[in-house]
Protein chains: 2
Amino acid sequence: MPSTLTPFFNAKGVAILGASTNPKKLSYGILENLVSFGYQGEVYPVNPNATEILGRKAYASIADVPDPVELAVVVLPVTVIMDTMRQIGERGIKAVVIITGGFRELGEEGAKVERAVKELADSYGMRVVGPNCVGTIDVRTGLDSTFIKGLPPAGPIAFISQSGAVCGGVIDLIINSKIGFSHFASLGNEMDVTEADMLEYFAEDEHAKVIAMYVEGIQDGPRFMEVARRVSRKKPIVFLKAGKNDAGAKAVSSHTGSLAGSYAAYQAALEKAGVIEVETISQLFNVAWALGTQPLPAGKRVAISTNAGGAAALAADSLAFNGFELAQIAPEIQEKLRTKLNPSAQVSNPVDMLGSVSPEDYLWSLGNLDADEGVDVLLPILVPQSLVDTLGVAKAWFEIGKKTDKTLLTCLMGERSTLESEQYLNTAGVPVYAYPDEAGRVLRGMEQYKQLLKKAVFSPVVVENVDHNKMASALGLVKDAQAVGEYETRIMLEAYGIQNVPGDLASGIEQAVKVAEKAGYPVVMKIVSDDILHKSDSGGIALNIQNTEQLRVEYDAMMYRIAKNEPEASIRGVMIEKMAPKGLEVIVGMRRDPTFGALMMFGLGGTMVELLKDISFKVAPLTDGDIEEMIERTLAGKLLKGYRGSAKADIQAVKDVIARLSQLSLDNPEIAEIEINPLIVYPEGQGAISLDSRAIMGK
Amino acid sequence: MPSTLTPFFNAKGVAILGASTNPKKLSYGILENLVSFGYQGEVYPVNPNATEILGRKAYASIADVPDPVELAVVVLPVTVIMDTMRQIGERGIKAVVIITGGFRELGEEGAKVERAVKELADSYGMRVVGPNCVGTIDVRTGLDSTFIKGLPPAGPIAFISQSGAVCGGVIDLIINSKIGFSHFASLGNEMDVTEADMLEYFAEDEHAKVIAMYVEGIQDGPRFMEVARRVSRKKPIVFLKAGKNDAGAKAVSSHTGSLAGSYAAYQAALEKAGVIEVETISQLFNVAWALGTQPLPAGKRVAISTNAGGAAALAADSLAFNGFELAQIAPEIQEKLRTKLNPSAQVSNPVDMLGSVSPEDYLWSLGNLDADEGVDVLLPILVPQSLVDTLGVAKAWFEIGKKTDKTLLTCLMGERSTLESEQYLNTAGVPVYAYPDEAGRVLRGMEQYKQLLKKAVFSPVVVENVDHNKMASALGLVKDAQAVGEYETRIMLEAYGIQNVPGDLASGIEQAVKVAEKAGYPVVMKIVSDDILHKSDSGGIALNIQNTEQLRVEYDAMMYRIAKNEPEASIRGVMIEKMAPKGLEVIVGMRRDPTFGALMMFGLGGTMVELLKDISFKVAPLTDGDIEEMIERTLAGKLLKGYRGSAKADIQAVKDVIARLSQLSLDNPEIAEIEINPLIVYPEGQGAISLDSRAIMGK
């Protein structure tokens with residue numbers, strides 16, 4: 001099935017609306033690119049004041065452009081955009097790149113125009129890339145609708161960028177190194193075509209072997225996660241998020257809220273999407289390039305062959321930091337290495353052949369390391385020296401690369417004297433780095449993709465025995481409240497089968513006595529008032545009440561304290577709850593992220609939550625594996641397993657609570673935050689109960 | 001006072017022993033360098049088979065070389081090294097670079113030769129750089145005893161490298177970018193001249209403004225710390241440690257031992273030395289270059305002026321990650337910016353002037369941002385575009401640099417089109433990066449140096465009332481034991497004025513009853529045996545014993561369990577100790593690092609120590625400030641301060657215990673590890689007591 005996005009990369013003809021005859025104009029640059037990189041389709045400059053530009057016949061209007069024309073590139077001012085789009089629509093062109101800026105990025109006025117253009121485009125069934133973008137490139141067809149100078153060689157990387165400037169900067173940064181690309185797509189304001197659309201397109205393109213993304217923000221989080229999860233099974237997606245420190249969770253009141261900022265949601269969403277997140281532009285292309293050219297590492301054992309111990313030490317540090325290790329070279333391989341290398345060479349890992357190394361030394365060492373079954377990755381390193389044939393060494397590495405099934409990453413530690421060899425290696429599909437510490441990070445990205453492919457297909461947990469009537473009644477109680485106290489939250493949890501500590505709301509002392517008798521002494525008493533945020537500070541908590549007599553005394557004392565400390569507060573009563581036996585205190589919570597939805601949280605609970613920050617996140621819906629990972633990634637998880645002789649806790653009960661709170665969050669989008677803290681977990685088989693809980697309703 | 005190292009950089013004449021006539025030999029390269037970079041001294045090739053090399057008269061032997069000659073560079077084989085050194089000594093030359101390898105790096109045989117050469121050199125009063133190094137360079141005098149191709153421009157960075165290859169690789173990496181250096185010193189095996197000697201030399205050199213170091217290992221840790229602490233007050237030292245993951249703490253038995261690996265010791269030692277540690281080669285020179293060319297940031301508020309929002313977002317992320325922030329631009333400055341910039345430009349921070357920016361735009365924006373008192377750092381960013389005058393922009397940045405007192409770091413996001421501008425800026429002393437995320441890490445390094453300069457001069461805490469006789473008696477008890485149990489460790493702590501929980505060793509039940517009565521019930525009973533490592537697992541601990549009767553029962557039960565579980569163990573008795581009231585449990589420990597000495601540790605204690613890994617390290621001796629930092633850096637420190645309403649703990653008592661354990665460790669080098677875990681800390685004014693402790697003697 002042909003995609004509606006095909007014309008952006010493989011149109012039979014392209015019209016440039018606003019093509020200038022002035023070489024100092026960007027539109028001239030676009031035309032220049034369209035005629036410079038071997039594009040075989042027709043190219044039609046549209047400009048009423050020209051007859052010909054760059055040897056191509058110019059047309060007065062898009063209506064005059066003959067067939068075939070499948071893509072329109074608009075470089076006209078925003079003031080004429082509606083007319084222009086109408087003309088393009090009338091001409092029957094279904095794909096438009098709007099380079100022009102001046103839309104949503106300038107505020108509400110521009111956003112209004114953008115919406116109108118989108119409606120118009122929809123009415124003609126047109127797909128639009130942009131506005132406010134630099135266009136699209138297909139490196140193989142030569143269709144380049146950008147004004148960026150130069151075109152990298154054809155290769156495996158498809159790059160999706162939400163910044164046109166970053167797109168241009170990247171080409172400037174990598175073009176000399178001969179890293180190969182299949183496509184570039186600068187998406188601008190994403191009026192119509194989004195990063196998820198592009199992902200779907202590149203998923204089907206045979207030349208795009210790996211997708212690199214620069215993203216500032218995602219509009220439709222759930223769709224992105226769904227598409228990326230699917231696409232990442234077919235080819236790796238490497239992802240750089242810019243703007244990590246945008247506020248986002250400024251005015252939040254729960255622990256989950258304050259700990260789960262918007263970037264935490266991004267990280268959880270990217271993980272769910274199966275995306276490999278990196279931290280810098282250079283990592284983005286290093287990781288993508290290796291994934292696009294090399295087999296995934298079979299294991300974590302790396303063999304280094306080098307002419308410089310120092311460079312190897314830096315590489316080894318970065319390997320260890322990224323979870324890889326130096327392979328133990330088999331004794332018989334070490335023996336063999338010794339037979340031909342410099343007698344002073346070190347034949348254990350790193351294999352150090354000393355400064356004045358020859359291409360043959362690398363052929364010999366790498367050939368033998370390749371034969372070692374205890375080696376998964378080959379990492380040759382050369383520090384150029386006067387008497388060393390750098391290009392010859394690069395050729396030796398390539399020879400090894402042709403033969404080996406192992407992952408091959410290389411380092412030429414230099415810049416002045418290494419360009420030719422760097423280009424040679426990259427052209428041959430052998431990744432090469434100038435700094436020995438780069439390989440570790442790349443391998444970590446490759447390992448992440450390997451682990452992703454091993455994961456079971458997504459299948460969310462199913463929660464049974466939900467009492468929807470009870471939930472509805474709890475929501476009915478909440479009405480217009482924003483902050484929801486323990487009383488109503490208890491009912492919500494109950495509706496979803498999560499056990500609360502025995503107890504109930506009592507509106508006076510006599511009722512309190514009844515509740516206490518039913519729950520069983522000793523009990524705890526907590527004030528219930530929408531106006532009191534910090535119960536403890538206001539004197540609204542009394543612990544360890546042993547009997548009715550003490551309950552009456554404590555009740556009077558609490559009412560006295562509250563009247564004094566919170567004279568304005570309207571009191572709904574007191575919660576009387578059984579003092580629960582001690583157990584491990586954990587926290588289970590949810591914050592609804594505006595982009596990605598229910599962000600579930602788990603970690604060590606109690607009063608030290610924000611101090612310890614022992615928390616993990618996942619975006620709901622969750623699979624069994626997700627829940628296990630959430631638990632395993634925390635100290636709480638280690639303690640639950642039975643740390644240092646303490647009994648193994650009821651992990652199954654914790655999993656069940658997480659699954660149920662996740663289901664509750666998915667079913668009830670009006671809840672913005674909900675949190676159980678602490679959830680007390682008892683030894684295996686004895687369950688877990690919520691000791692305190694609260695919620696925040698929608699925004 | 002002239003330094004004995006002066007001839008390595010500024011000799012009146014240099015002789016090259018083993019200078020070859022063959023351009024394919026390294027020694028030829030050395031001679032070539034000595035005559036190529038403007039060195040004004042005499043250059044004497046020594047080669048019995050040549051009359052002239054590279055236009056310089058050759059001498060048959062070093063004895064024939066005329067005055068002035070102050071430095072000998074040896075490129076002869078290790079087999080003739082002793083003779084050669086003797087001849088150099090006889091000739092009266094006091095400085096020798098031994099390029100030749102084949103010494104200690106090849107094992108004991110080579111180490112023997114190295115020691116002999118060192119003795120010989122000492123007998124002549126000669127200083128030796130190397131062996132197994134690439135030599136030294138003074139960029140200004142042109143004295144270049146290496147065979148590395150090319151010489152970077154003169155500038156502020158003195159580079160000390162323990163790897164010759166890294167030295168060469170670095171020159172290859174940076175030479176095109178025009179980063180300026182004062183010296184290079186490749187130290188090889190450090191037979192004589194060490195990194196500390198070089199630090200002292202560069203401290204006095206007016207051209208060396210900042211010292212960059214690549215270090216694999218330090219031989220004399222205390223001297224390095226002492227010298228670096230002094231030098232770092234005068235000029236910044238930027239430090240890259242290679243080989244971070246060398247084992248080191250393999251067979252250790254205390255918590256402190258297992259948590260305090262050799263790299264933890266390095267980090268603590270580097271901090272004490274006032275050294276700025278970086279993680280990669282590129283950071284090493286980025287940080288050094290900025291420190292050598294720019295004023296320290298007055299604060300953490302950064303203003304970005306850019307033509308690309310994406311690049312600015314990446315920069316802002318890296319600023320936040322490194323503890324810096326985007327400045328709030330004053331409203332009047334924003335107004336002023338608006339008057340001349342593109343109407344669509346964003347005038348809040350980052351100031352985004354859109355793609356087609358002009359040099360004048362940067363002059364205007366940066367000039368006004370410079371005038372904003374709320375801005376400490378200027379960070380202009382340009383992504384090159386077809387219609388932008390990149391070099392013009394670079395010149396505008398330099399103009400601003402001349403005027404401003406603020407820190408100026410810049411980014412040209414490109415490679416293909418930026419080299420000329422990059423060279424222009426670096427030559428002008430304006431640091432420039434290809435990736436927008438590099439500036440954050442650089443600023444963090446600068447901030448670290450600023451904080452160092454603020455620190456009080458080093459003045460270790462003094463501990464009084466040490467009972468040296470008691471300590472001696474405790475050490476007497478230990479004799480040849482390696483593992484020291486609580487009984488003897490208690491006495492050591494007591495000798496240094498650290499309070500133990502009341503109790504004593506009892507060799508039978510009757511003595512146990514007496515001790516318990518003296519300590520006061522309830523008590524805890526622990527088995528004391530050199531053969532029992534895990535008391536708890538063997539049934540050797542009984543808690544909460546309420547009275548004599550119970551003590552007798554528990555004693556019999558324990559003896560029965562031990563006899564069954566540890567039939568071979570020789571039992572010294574039981575420790576009877578008062579059950580201490582609850583308090584905050586912390587750990588205070590020491591591991592003696594073979595390089596740097598007593599490494600002190602503090603953190604959350606109890607059984608979760610290794611799970612929480614809430615620990616901080618400092619190398620003894622400690623200052624008051626050190627102890628405060630040790631405490632503040634941990635969660636334990638936050639809890640001590642009184643977290644969430646709990647009472648403030650007796651921090652003064654904790655400080656005192658750390659100071660005393662540190663003194664104990666300094667005074668008694670025969671103790672390899674010692675640890676108090678837990679130290680129970682009570683509310684303010686109520687002290688802290690050791691509840692359990694142990695030590696390891698020797699190594």
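Start at the interface: select the 59 residues of chain A that are in contact with 59 residues of chain B. Contact here means C-beta atoms, placed from the backbone, within 7 Å. The model is predicted; local features need pLDDT of at least 70, side-chain atom pairs count only at pLDDT 80 or more, and totals for chains, interfaces and linings use all residues. Residues are numbered from 1 along each chain as its sequence is written, with chains lettered from A and ligands numbered from 1 in the order in which they are written.

α2 (26-36), α5 (164-174), α10 (281-293), α11 (309-321), α21 (609-612) and α23 (635-640) of chain A each supply at least two residues to the side that touches chain B. Helices are DSSP runs (H or I, at least four residues), numbered from the N terminus. Zoom in on α11(A): with eight residues, it gives the most to this side.

Now colour by class. The side of chain A that touches chain B has 26 nonpolar, 22 polar and 11 charged residues. Nonpolar covers Ala, Val, Leu, Ile, Met, Phe, Trp, Tyr, Cys and Pro; charged covers Asp, Glu, Lys and Arg; the others, Gly among them, are polar.

Turn to the symmetry. Chain A superposes on chain B by a rotation of 180 degrees with 0.0 Å of shift along its axis (RMSD 0.1 Å). That is the relation of a two-fold axis. Select Leu612(A): of the residues of chain A, its C-alpha comes closest to the rotation axis, at 4.4 Å. The copies meet through the same surface, because 98% of the interface residues of chain A are also interface residues in chain B.

Key:
Two residues are in contact if their C-beta atoms, placed from the backbone, lie within 7 Å. Copies are superposed by least squares on the C-alpha atoms of residues with pLDDT of at least 70 in both.
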